[in-house]
Amino acid sequence: MPIPNLHKALNVSCNFMGTFQIKASSLSTYLATLFTILFSGIGIGIALVPTKGNPPIALAVTILVIGCAMYATHYAATAKTQWTITETEIQLQWINQFLFQNNPDLTINWSEIRQYKYRPDQYFDLFKIELNDGKIIKLRHNTFTTKDDFKTFLSDFETKVHLYNQRNANTSTDITRAKTIYETKLGVVLAMLTALCLIAIPILIIILPHRRQSNWGLIAAFSAGIFFITQVLIYRKKKSSS
């Protein structure tokens, strides 16, 4: 005798299965490694290499130190993780670890999750799960890392949350998505203030044509400002179309 709804149940169970290889990033390890190598490398270079009055050598030392810093941060602040989504839980396995860290593997039941948040960033995207007991699990991801399953994982996770909420009889325990700063009133105000600053930056670059260090800082600030305003506009467009 055929079991009623067996095929449908098997499809739902299979649809919940998914395994994702993700390269996690540690912002604190990244910054610590970056600044340690930059300051120590430049200091050693100045002390041991005749850079004074020799711009080509000074430039070569600077490029070498920056290259070493970027290479070191990639390995010190990047760890391979495996995320597995099943019908009842989410499993996080650390394939390797960040430098000087030992993060434990985790198993999270769907019923333990209160809310989640995904916040795009110019350099390090943030995915965060908040549990009912207040515990927070964070996954940071370098935006320049493309050869992993991070984007696929985000899409699949949101789909699974929707399916879980549909099957959950108690709507008060549904998993919700927390707003990012881009969606808040504060985000809109900051975007407006940032826009005013962006108007001022080209003027400052023209006024300070010979202060190259200041100009590089202004260019970096301009890039960050453009990113923030863009995200605010993207989220407002999503809100208006939903």
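The following exercises, with worked solutions, concern a predicted model of one protein chain.

In this model, local features need pLDDT of at least 70 and side-chain atom pairs count only at pLDDT 80 or more, whereas totals for chains, interfaces and linings use all residues. Residues are numbered from 1 along each chain as its sequence is written, and side-chain values use heavy atoms, with hydrogens and water left out.

**Exercise 1.** State how many helices and strands the chain has, and give their pattern.

*Solution.* Helices (H or I, at least four residues) and strands (E, at least two) are taken as DSSP runs, numbered from the N terminus. The chain has six helices and eight strands. Along the sequence, their pattern is α-β-α-α-β-β-β-β-β-β-α-β-α-α.

**Exercise 2.** Determine whether D156 is buried or exposed, and identify its contacts beyond four places in sequence.

*Solution.* First, locate D156: helix α4, residues 150-167, contains this residue. Next, apply the cut-offs: buried means under 20% relative accessible area, exposed over 50%, and partly exposed in between (1.4 Å probe, protein chains only). D156 has a relative accessible area of 19% and is therefore buried. Finally, with neighbours within four places in sequence left aside, D156 is in contact (heavy atoms within 4.5 Å) with F20 and I85.

**Exercise 3.** Describe burial and contacts for the chain as a whole.

*Solution.* Of the 242 residues in the chain, 35% are buried. Among contacts between residues at least 6 apart in sequence, 56% join residues at least 24 apart.
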